Amino acid sequence: MSDPTPNIPASLRREYMLGKPLVESDVLPDPIEQFARWFGDASEAGVVEPNAMTLATADSAGAPSARIVLLKGFDQRGFTFFSNFNSRKGRELAANPRAALVIYWHPLERQVRIEGRVDRVGREESEAYFRTRPPGAQIGAWVSQQSDVVTSRDEMERRAQQLSDEFGDKPIPLPDFWGGYRLVPNSIEFWQGRPSRLHDRLQYLRQDTGGWTLRRLSP
């Protein structure tokens, strides 16, 4: 007997109609500057957490994993995020320091794909960002043994209260096991949704000279 439950995901369909054509003559020659332009558009459009992005990593055997992280900075050096070095992503980046990022801004029908190597940022830079976090988030960095199994939420909350009492009004130090990563891109692709699934895809590739070449990909 066939399953009477309808295949709801397969039945969902919408046309991408909002974006104007993404053509080579309209983009900037530098992909970081083009990203800044699109990021500004997303912020001005009121996209909730426009810095939310999927980070995909793989272990030494090539088994992939992915999760949402927050972009905390970008410039000509690359794209920066922060995490626990002992987390699954941290262990995978230690074994295989390459990754991919995907940012999707649904209200604008746009996505950006970024690929490259990942380096740890210096402790001074990690310290500077850590100081901007609310005290509760600083305590959270100490409490979370990210990706490890815990017996209960109560255990974490007790540890958080213990550390809060211990640090008191003193500055909370940066944990040795926590800090920043920077993805140094060798490929950045800009995707604009278009009708009939004939989306626009423009990809920048880094050259050995340090410059970028631009090419169009088929949707």
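User: How much space lies in the second largest pocket, and which residues are closest to its centre?

Analyst: This is a predicted model, and in it the second largest pocket holds about 180 Å³ of space. Of the 13 residues that line this pocket, the closest to its centre are Lys20, Leu22, Asp26, Trp38 and Arg110.

User: Which helix gives the most to the lining of the second largest pocket?

Analyst: By class, the lining of this pocket divides into 5 nonpolar, 3 polar and 5 charged residues. With 4 residues, the element that gives the most to the lining is helix α2, which covers residues 31-44.

User: Where does the largest share of the lining of the largest pocket come from?

Analyst: The largest pocket contains about 250 Å³ of space, and its lining is made of 15 residues, with Phe82, Ser83, Arg133, Gln146 and Trp178 nearest its centre. These lining residues divide into 7 nonpolar, 5 polar and 3 charged. At least two residues of the lining are supplied by each of β2 (64-70), β4 (78-84) and α5, and the largest share, 4 residues, comes from β4.

User: Are α5 and α6 parallel, perpendicular or oblique to each other?

Analyst: Helix α5 (residues 135-143) and helix α6 (residues 153-167) pack with their axes 9 Å apart, at an angle of about 120°. Angles from 65 to 115 degrees count as roughly perpendicular and those over 145 as roughly antiparallel, so the two helices, α5 and α6, are oblique.

User: What is the handedness of the crossing of α5 and α6, and how many residues of each class make the contact?

Analyst: The crossing of α5 and α6 is right-handed. On the α5 side the contact is made by Ile139, Trp142 and Val143, and on the α6 side by Met156, Arg159, Ala160, Leu163, Ser164 and Phe167. Sorted by class, the contact of α5 with α6 has 7 nonpolar, 1 polar and 1 charged residues.

How values were computed. Residues are numbered from 1 along each chain as its sequence is written. This is a predicted model: local features need pLDDT of at least 70, side-chain atom pairs count only at pLDDT 80 or more; totals for chains, interfaces and linings use all residues. Side-chain values use heavy atoms; hydrogens and water are left out. Axes are lines fitted to C-alpha atoms, for helices over the stretch in contact, and angles run from 0 to 180 degrees between N-to-C directions. Angles under 35 degrees count as roughly parallel, over 145 as roughly antiparallel, 65 to 115 as roughly perpendicular and the rest as oblique. A crossing is left-handed if the near helix is turned anticlockwise from the far one by less than a right angle, and right-handed if clockwise. Contact means heavy atoms within 4.5 Å. Ala, Val, Leu, Ile, Met, Phe, Trp, Tyr, Cys and Pro count as nonpolar, Asp, Glu, Lys and Arg as charged, and the others, Gly among them, as polar. On a 1 Å grid over the protein atoms alone, a cavity is a set of points where a 1.4 Å probe fits but cannot get out, and a pocket is an open set with protein on both sides within 12 Å along at least five of seven lines; lining residues have an atom within 4 Å of a point. Grid points are joined across faces, edges and corners, and a volume is the space filled by probe spheres set on the points.
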